[in-house]
Amino acid sequence: MLTIDRAIHDAIIAHARRDHPDEACGVVAGPIGSDVPTRFVPMLNAAMSPTFYEFDSGDLLALYREMDDNDEEPVVVYHSHTSTEAYPSRTDIDLAGEPGAHYVLVSTRDGADETGPVDFRSYRIVDGVVTEEEVRVVDA
């Protein structure tokens, strides 16, 4: 189960809406071994695409160095889908390189980029196997 603070949950949704019609992407870091997402880090989608996301390699390297300095790890890796459901694509599954992370997908299709509820789902992706998990949003 992913337990996530409401402010971070809302920040992920706001980022997805802001970057629509392109996919948004980012990381939520947390203390190593804690499984607690605490630091929201929106990233640039270097692909600038409505159907694909790619972290900028320089930004990603800088983030990993920062996390290393802070004894953090990526607890959540998130991105949005702009015209499909919040379920990992074959490409998403193939590129999932953090077996301990929660992979969050937000769908901004059908007008969800403007107002109303979005589809916010979380998965574990290990060795190509996708397992959906419950999301619990909590107040700080």
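**Entry 1**

I began with Asp-110, which is exposed at a relative accessible area of 76%; exposed means over 50%, buried under 20%, and partly exposed in between, using a 1.4 Å probe and protein chains only. I was looking at a predicted model, where local features need pLDDT of at least 70, side-chain atom pairs count only at pLDDT 80 or more, and totals for chains, interfaces and linings use all residues. Residues are numbered from 1 along each chain as its sequence is written, and side-chain values use heavy atoms, with hydrogens and water left out.

Next I looked up the partner: Asp-110 forms a salt bridge with Arg-109, with 3.9 Å between the closest N and O atoms. A salt bridge here is a side-chain nitrogen of Lys or Arg within 4 Å of a carboxyl oxygen of Asp or Glu. I found Arg-109 partly exposed, at 34% relative accessibility.

**Entry 2: a network**

How many salt bridges does the structure hold? I noted ten. One of them joins the side chains of Asp-119 and Arg-121 at 3.8 Å, N to O. I found Arg-121 buried at 17%, while Asp-119 is partly exposed at 28%. Both belong to a salt-bridge network that also includes Glu-85 and Glu-132.

**Entry 3: a link across the chain**

I then turned to Asp-35 and Arg-124, whose side chains meet in a salt bridge at 3.6 Å, N to O. This pair links distant parts of the chain, 89 residues apart: Asp-35 sits in the loop between β2 (25-31) and β3 (39-43), and Arg-124 in strand β6 (residues 119-126). Strands are DSSP runs of E, at least two residues, numbered from the N terminus. I logged Asp-35 as partly exposed at 34%, and Arg-124 as partly exposed at 25%.

Key:
Helix = DSSP H or I, 4+ residues; strand = E, 2+ residues; numbered from the N terminus.
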